Every structure is written in C-alpha cells, then in structure tokens.
Amino acid sequence: MSATRRAAVLGSPIAHSLSPVLHRAAYRELGLGDWTYGRHEVDEATLPAFMERLDATWAGLSLTMPLKRAVIPLLDEITPTAASVEAVNTVVLTGDGRRLGDNTDIPGMLAALRERGVQQVERASVLGAGATASSALAALARICTGEVTAYVRSDARAAEMRGWGERLGVPVRTAPWEDAAAAFETPLTVATTPAGTTDALAAAVPARPGTLFDVLYEPWPTALAAAWADRGGAVVGGLDLLVHQAVLQVEQMTGRSPAPLAAMRRAGEAALLAR
C-alpha cells in the first residue's frame with residue numbers, strides 16, 4: 001500500500017479558501033485515493049516553523065496572502081514567472097528535498113481569458129493597484145500589444161504600477177480612480193479590487209462592452225459583472241481564475257496531466273452555492 005501524499009493551502013485568514021474543494025475534486029477524478037489536501041492558518045511569523053516541519057510525505061503547498069512574498073527566502077529556487085512579480089503561490093516539494101516556488105496565477109489568468117476567446121488585445125485597463133494588479137500586468141505583458149491604463153487611488157500606487165510596467169515590459173499609463181469609468185472603453189478591463197469597490201461603476205458599463213475579468217468570486221456576480229453581462233459583454237470571473245491556477249498546481253504537485261478542469265469547476269460552483 002502506497003504512503004499518503006499530502007498537500008495544503010496556507011494563509012491567513014484561510015477558513016473560506018476553496019482550494020481544498022478544488023484539489024480534492026481533482027484527486028477523486030484522477031483516482032489518487034492516497035492523496036490528502038488540507039488548509040492551515042499560517043501567517044508570516046509562523047511560516048518558517050511550518051516549513052521546517054514538512055516531511056517526505058508532503059508534495060506541495062498552495063499559498064495565499066500574506067505568504068506569497070514571505071515564502072521566497074525559504075525556497076531553494078523560484079521560476080522566472082514567480083520572480084517577475086516577486087510572488088509565489090505554489091511550492092512543489094521534490095523527492096530530493098528541494099522546495100521549488102512558482103506562480104500559477106499569471107498563466108491561470110491567461111488560460112481563463114483564452115477560454116473566453118481572448119488571445120490578444122490592443123489595449124487594456126486595470127482597476128486597482130495591489131498584488132493581484134501586478135499579476136494582471138504580468139499576464140497582460142504577454143497578450144496586450146499596446147498600452148495598459150491603471151486606475152488607482154493615490155500617487156504612490158500610481159508610481160508602483162508604472163514601476164511594475166517597466167519591470168514587466170508593458171507600457172503603463174496611470175489615471176485617478178475618479179476616472180475609472182473610462183476603463184470600459186478598452187477591449188479588456190481587469191478588476192482587481194476588493195468586494196464592493198467597483199459597485200458604483202456598474203451604471204457606467206457601455207452599451208457594447210468588451211471583456212471584463214473580475215477577479216472576485218464571492219460574492220458573485222459582482223454588481224459590475226452583472227451589469228456587464230446584461231449588456232452582452234464577455235465576463236471572466238474569479239472562480240475561472242481560481243480553477244485554472246489550481247489545475248496547474250495539481251499538475252505540478254501530482255505529476256499527472258491534464259488535471260480535470262471541468263470536475264474542479266463543478267466542485268467549486270457547488271461549494272459556493274452551498275455557502
């Protein structure tokens with residue numbers, strides 16, 4: 001009988017994470033009955049001790065805030081994708097004891113957009129300037145042939161976004177949040193702000209909108225996403241992102257490919273409906 005393999009999501013707060021639902025659904029579909037996936041409340045202060053306790057049964061970790069940057073000094077190597085945004089959301093623990101960090105949020109965003117037929121855009125807009133916004137810029141660097149406009153609330157945030165643009169090789173123009181409705185003039189708008197932040201913008205959705213990528217998945221739909229869909233625009237949601245990045249995590253941790261995208265999405269949708 002094979003030994004149990006373990007994986008888990010770490011973060012703080014972590015109680016409402018959907019990652020266990022998605023990964024366990026994948027294990028069931030792949031016939032990995034000896035694999036377990038848990039969740040652990042871990043912050044920056046307790047992360048080093050948690051990592052020290054990992055033994056050979058552990059295959060991988062998913063990381064959410066506030067650990068995506070804090071974990072980097074504890075790893076043996078990180079991928080260029082993770083290094084580009086200084087954020088790791090995936091740790092693979094190898095058989096020889098190495099800890100390898102990656103960022104599946106960026107390719108997950110690209111996969112979610114491709115699923116809705118978005119392969120390339122001439123211009124794009126980003127609402128917000130936090131950690132998810134930098135990942136959005138990294139994704140846009142690969143598919144946007146022109147300028148990205150970031151709508152932000154402060155001069156400091158504006159400077160940060162322009163800095164990320166220079167680092168990632170995408171031209172970034174910044175504009176004040178008061179002008180955020182102008183974001184909807186571009187073919188692709190990526191909303192990266194917390195719940196409720198974009199509600200007031202719902203009335204400004206144009207008659208023929210392009211594509212909206214709203215990274216929230218709870219509550220869903222957001223007021224902005226609902227208004228967008230009502231006007232016939234394409235909407236990519238946070239669950240799409242969560243599932244696509246989890247697919248990549250499952251493949252890296254288990255070595256099995258392809259991961260069962262449809263089963264993972266169904267499990268995520270059912271879990272959200274049950275809340």
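Reply: Helices (DSSP runs of H or I, at least four residues) and strands (DSSP runs of E, at least two) are numbered from the N terminus. This is a predicted model, in which local features need pLDDT of at least 70 and side-chain atom pairs count only at pLDDT 80 or more, while totals for chains, interfaces and linings use all residues. Residues are numbered from 1 along each chain as its sequence is written, and side-chain values use heavy atoms, with hydrogens and water left out.

Me: Which elements each supply at least two residues of the lining of the largest pocket?

Reply: The general idea first: rolling a probe the size of a water molecule over the atoms shows where empty space is left. On a 1 Å grid over the protein atoms alone, a pocket is an open set of points with protein on both sides within 12 Å along at least five of seven lines, whereas a cavity is a set of points where a 1.4 Å probe fits but cannot get out; lining residues have an atom within 4 Å of a point. In this model, β3 (58-63), α4, α5, α6 (155-168) and α8 (238-254) each supply at least two lining residues of the largest pocket. The largest share, five residues, comes from α8.

Me: What is the volume of the largest pocket, and how do its lining residues divide by class?

Reply: A volume is the space filled by probe spheres set on the grid points, which are joined across faces, edges and corners. For the largest pocket this is about 1200 Å³. Its lining has 45 residues, of which T64, M65, K68, T132 and Y217 are the closest to its centre. For classes, Ala, Val, Leu, Ile, Met, Phe, Trp, Tyr, Cys and Pro count as nonpolar, Asp, Glu, Lys and Arg as charged, and the others, Gly among them, as polar. On that scheme the pocket lining comprises 21 nonpolar, 17 polar and seven charged residues.

Me: How many cavities of 30 Å³ or more does a search of the whole structure find, and which residues line the largest cavity?

Reply: The search finds one cavity of 30 Å³ or more. The largest cavity has a volume of about 40 Å³, and its lining consists of M109, L113, A136, A139, L140, L188, V190 and F213. These comprise eight nonpolar, no polar and no charged residues. At least two lining residues come from each of α4 (105-115), α5 (131-143) and β10 (188-191), with α5 giving the largest share, three residues.

Me: How are α4 and α5 oriented relative to each other?

Reply: Two packed helices are described by the angle between their axes and the distance between the axes. Axes are lines fitted to C-alpha atoms, for helices over the stretch in contact, and angles run from 0 to 180 degrees between N-to-C directions. Angles under 35 degrees count as roughly parallel, over 145 as roughly antiparallel, 65 to 115 as roughly perpendicular and the rest as oblique. The axes of α4 and α5 come within 9 Å and cross at roughly 60°, and the two helices are therefore oblique to each other. In contact (heavy atoms within 4.5 Å) are I106, M109, L110 and L113 of α4 with T132, S135, A136, A138, A139, R142 and I143 of α5. By class, these contact residues are eight nonpolar, two polar and one charged.

Me: What is the handedness of the crossing of α1 and α8?

Reply: A crossing is left-handed if the near helix is turned anticlockwise from the far one by less than a right angle, and right-handed if clockwise. The crossing of α1 and α8 is right-handed. Helix α1 (residues 19-30) packs on α8 at an angle of about 55°, with the axes 10 Å apart.

Me: Which residues of α8 meet α9?

Reply: From α8, L239, D240, V243, H244, A246, V247 and V250 meet L261, M264, R265, G268, E269 and L272 of α9. The axes of α8 and helix α9 (residues 261-273) come within 10 Å and cross at roughly 135°.

Me: Which peptide bonds are cis, and where is E86 found?

Reply: Most residues other than glycine have a negative phi, and most peptide bonds are trans. The bond from W220 to P221 is cis, with omega near 0°, and P221 is in the loop between β11 (211-214) and α7 (223-230). The bond from S257 to P258 is also cis, with omega near 0°, and P258 lies in the loop between α8 and α9. E86, although not a glycine, has a positive phi of about 50°; E86 is found in the loop between α3 (80-85) and β5 (90-93).
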